[in-house]
Amino acid sequence: MKPLIQLGSLLLAGLFSVASIAQQPLLVEKQTFTLDEYTTHGGETIRNVKVGWEAYGELNEAKDNVILVTHFFSGNSHAAGKYTPDDAQAGYWDAIIGPGKAIDTNEFYVVSVDSLVNAYPNLPTVVTTGPASINPETGKPYGLDFPVVTIRDFVNVQKAVLESQGIDKLHAVIGASMGSLQAIEWAAAYPDWVERMVSVIGTASMDAWTIAGLEAWSQAIKLDPNWNAGDYYDGQAPLDGVTMAQALITHGAMYPTIFNQVAPAQQTLPTEGLATVNNQLPAAKWLYDSSRQRAPLADANHILYLVRANQLFIAGHQQTLKEGLNNISAKTLFLPASNDLLLMPYMAENAAEQLKALDKDVEIEHIDGPWGHLDGIYSIQQKADTLKAFLQ
């Protein structure tokens, strides 16, 4: 795979995993869970909800060995293993999920679920319900008639998946980035379920700086004329806007150290740059070309809904963060990335301090690496021993 395309998959499609322990691949199967109807946290009803899910390891007789892994913004439930032995890439956290690994599938039954309004509904391995889905009342895609959903809604659908298997307790819930929001929401919303919670590159609530930064991703889509206020399913998709949004996401998720290593180096006064401002310089062209190649797999409205769910987030969905955090009884571990420019480490540090002030059981360690926010995915193996000990 060419580096440009590989990085595109690595960054946003959730198809890449850091090098893992050499062994036969863990083979997994994508399954589909269906709810006849679901009522959102905002009180709206969605009919015929479908989400994909995967499981690794075996559920024990007591059904008390369950670890839920919640995925990041541009990811999906493919957290580990391969669908076939010939797959080029394993799930994004294959380095730490599997037999004998930090999240040991010889001991634990590990479950992961595709989120509602998943950013990549056109990816063949993703099963999700969102604005691009058919509204049973009209026979047409929902578009912006789809109700706004929150991180709590993602959690509630996951809970329904688990309950369908007779599960009513989690040994742990672990997630990175948007997955970390779901993990702490699980602990705040359903404290009787959650014994341990791990927040990787995360936060307990969105602050004004981060909300405004996320809005740029949405505005990139809304400014594309083909977006047409969300009504584009019978016409041309707003791929220019999606390309811009994905480029912004990628750029924000990386740290300069790694970006400068993988992007083309700038030549002194390049000819194409001097010729016209319509020509992109090499580093920008690399970023936007990569984003353009991935754009057809995404859906513009789905990205907008995911952004809003993240912008609205406050752990526990109470009037104040303190109220939400006070509900948490789980032992908690925060793993922020030192060079994170997207969900900066101060956010996890603040959450840990507030939990400590409430006399909660809290640990925090920083992930060091060159990737920035993406160190929560690609450098996670450096915390394998920490995770293994925490889960014991």
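**Exercise 1. In which loop is Leu343 found, between which strand and which helix?**

Before starting, note that this is a predicted model, in which local features need pLDDT of at least 70, side-chain atom pairs count only at pLDDT 80 or more, and totals for chains, interfaces and linings use all residues. Residues are numbered from 1 along each chain as its sequence is written, and side-chain values use heavy atoms, with hydrogens and water left out.

Solution. Find strand E11 (331-335), then helix H11 (345-357); Leu343 sits in the loop between them. Helices (H or I, at least four residues) and strands (E, at least two) are DSSP runs, numbered from the N terminus.

**Exercise 2. Decide whether Leu343 is buried or exposed, and list its contacts.**

Step 1. Buried means under 20% relative accessible area, exposed over 50%, and partly exposed in between (1.4 Å probe, protein chains only). Leu343 has 6% relative accessibility, so Leu343 counts as buried.

Step 2. Now look for contacts (heavy atoms within 4.5 Å). Leaving aside residues up to four places away in sequence, Leu343 touches Ser177, Ile201, Gly202, Thr203, Met206, Thr210 and His373.

**Exercise 3. Describe the protein chain as a whole.**

Step 1. Count the elements: the protein chain has 13 helices and 12 strands.

Step 2. Turn to burial: 56% of the 392 residues are buried.

Step 3. Consider the contacts with a separation of 6 or more: residues 24 or more positions apart account for 74% of them.

Step 4. Finish with the dimensions: along the principal axes, the C-alpha atoms fill a box of roughly 65 × 50 × 45 Å.
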